[in-house]
Amino acid sequence: MDQPTETLTNAQGRDENHAAELSVILPTFNEAANVPLVLDLLRKTLVGVRWEAIIVDDNSPDGTTDVGRAIAATDAQVRVIRRIGRRGLSGACIEGMLASSAPYVAVMDADLQHDETLLPKMLAELRTGDYDLAVASRKVEGGAVGEGLSKVRAWGSNIANGLAQKLLNVSLTDPMSGFFMVRREKAEELAPKLSAQGFKILLDLVSSAGGTLRIKELPFTFKERLHGESKLDTLVTLDYFGLLMAKYFGNVVSVRFLMFGLVGASGLFVHLLALKLFLDMAGLEFNLAQTGASFVAMTSNFFLNNQLTYRDRRLTGLKVLIGLLTFYAVCSVGVLANVGVANLIYSDPTYWWFAGAAGAIMGAVWNYAASSALTWRKS
Ligand code: GDD
Ligand code: MN
């Protein structure tokens, strides 16, 4: 009898030879020019591996989705997830990983800054069974920041690494790296703990695992971007610190709430500054000055929250005005909640600070809950 050396389907009729062993997640935002190039590079470097690419595009205005779809239409190795009404690198990576059924998933930038020739090496490390996670690190011997990072960013990146190591006990040489490969079962297990906001999916994975991942670091050089532009801005850096804090405080509070709280704290300074100006320069009487300062602080909080806390649901155009008005309304009730709770507790004057803090926290919780439901409601 003829014994074929390689059968396409096994006894149960399953096509195991076509199922991917490795899914490469390519998060994209405005990478239309890069997508065909990065796929070509993957084809070249992953010869002999059963792989697939999952492009996760946040409805890029430059038509990245269409470019991906056109390729996927004739190439079963390529899939596209189009997300609408959502933005964010970490969230895109998580969704991509969860769309895979392969034993290994890699996350790689689609802008050609990551050296794809590392993928076979990462896969080899994971296949040994000795590691759960392979990280492409820009810091271990042989690796370099290369031409891809400006001086300022390299400096900021060092500080961020140091903090991650101190606060989260994450012993990675490059916890900010956006290039890694992980056993899918691990990603699947950790996914419910991950924050969809921000850029720091790797740091999030490792710190959420609490030291249980066996990690292999591989050196690489971060390359310069050829097409399109970076989406990492100062706001993303703030997000990073938010993630650090949230993880440090053991995930009791969300990154968003922390950010909201920080903005609120900044509002106090704005309030006092405005009050001083209204009293001294404009010579207003106290009640009027205090009311005016409250509006200035609320307005400043609104715009900061719109830029930072809710950047993924940012209001634009006419919606800014409506949002601002609902935010005023929410905050006015917040003041009542604040004073009400403080009053309830303030029966014993020795604990004035406790009453005051409880009131402020109550107000913040109300403002947060109500404004996320009304002002920045999910569309
Ligand atoms: N789906 C989706 N949604 N993809 C996004 C988004 C988003 O909101 N923002 C960025 N991306 C995609 C980009 O299209 C690119 O493929 C990849 O994520 C990296 O984005 P860049 O904007 O090019 O980031 P970078 O080069 O500045 O930052 C790189 O270095 C950082 C460390 O300094 C990335 O590798 C980061 O992950 C890394 O932390
Ligand atoms: Mn980049």
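This is a predicted model: local features need pLDDT of at least 70, side-chain atom pairs count only at pLDDT 80 or more; totals for chains, interfaces and linings use all residues.
**Sheet.** I began with the strand order and read it as β3-β2-β1-β4-β6-β5-β7, an open sheet of 7 strands with mixed pairing. At the edges I found β3 (78-82) and β7 (215-219), each pairing on one side only. From one strand to the next, the twist averages 20 degrees. I then looked up β1 (residues 22-28) and β2 (residues 51-57), which pair in the parallel sense over 7 bridges. Ile25 has Ile54 in β2 as its bridge partner.

**Helices on the sheet.** Helix α1 (residues 35-45) packs on the sheet and touches β1, β2 and β3. I noted that the direction of α1 makes about 160 degrees with that of β2. Helix α4 (residues 118-127) packs on the sheet too, with β1, β4, β5, β6 and β7 as the strands it touches. The direction of α4 makes about 25 degrees with that of β6.

**Helix α3.** Next I checked residues 89-98: 7 of the 10 residues are buried, so this helix is largely enclosed by the rest of the structure. Cys93, Ile94 and Met97 are among the buried ones.

**Helix α12.** I followed residues 352-374 from the first C-alpha to the last and got 32 Å for 23 residues, close to the 33 Å expected. Its buried residues include Asn367, Tyr368 and several alanines, one of them Ala355. What covers them includes α9 (255-280) and α11 (318-345).

**Metal site.** Which residues coordinate the manganese ion (ligand 2)? I found Asp111 (OD) and Gln113 (OE1), at 1.9 to 2.0 Å. Asp111 is buried at 4% relative accessible area, and Gln113 is buried at 8%.

Notes: Residues are numbered from 1 along each chain as its sequence is written. Chains are lettered from A and ligands numbered from 1 in the order in which they are written. Side-chain values use heavy atoms; hydrogens and water are left out. Donors are N, O and S atoms within 2.8 Å of the metal (3.2 Å for Na, K and Ca); water is not among the atoms, so sites may look incomplete. Buried means under 20% relative accessible area, exposed over 50%, partly exposed in between (1.4 Å probe, protein chains only). Helices (H or I, at least four residues) and strands (E, at least two) are DSSP runs, numbered from the N terminus. The expected span of a helix is 1.5 Å times one less than its number of residues. Contact means heavy atoms within 4.5 Å. Two strands pair if DSSP finds at least two bridges between them. Axes are lines fitted to C-alpha atoms, for helices over the stretch in contact, and angles run from 0 to 180 degrees between N-to-C directions.
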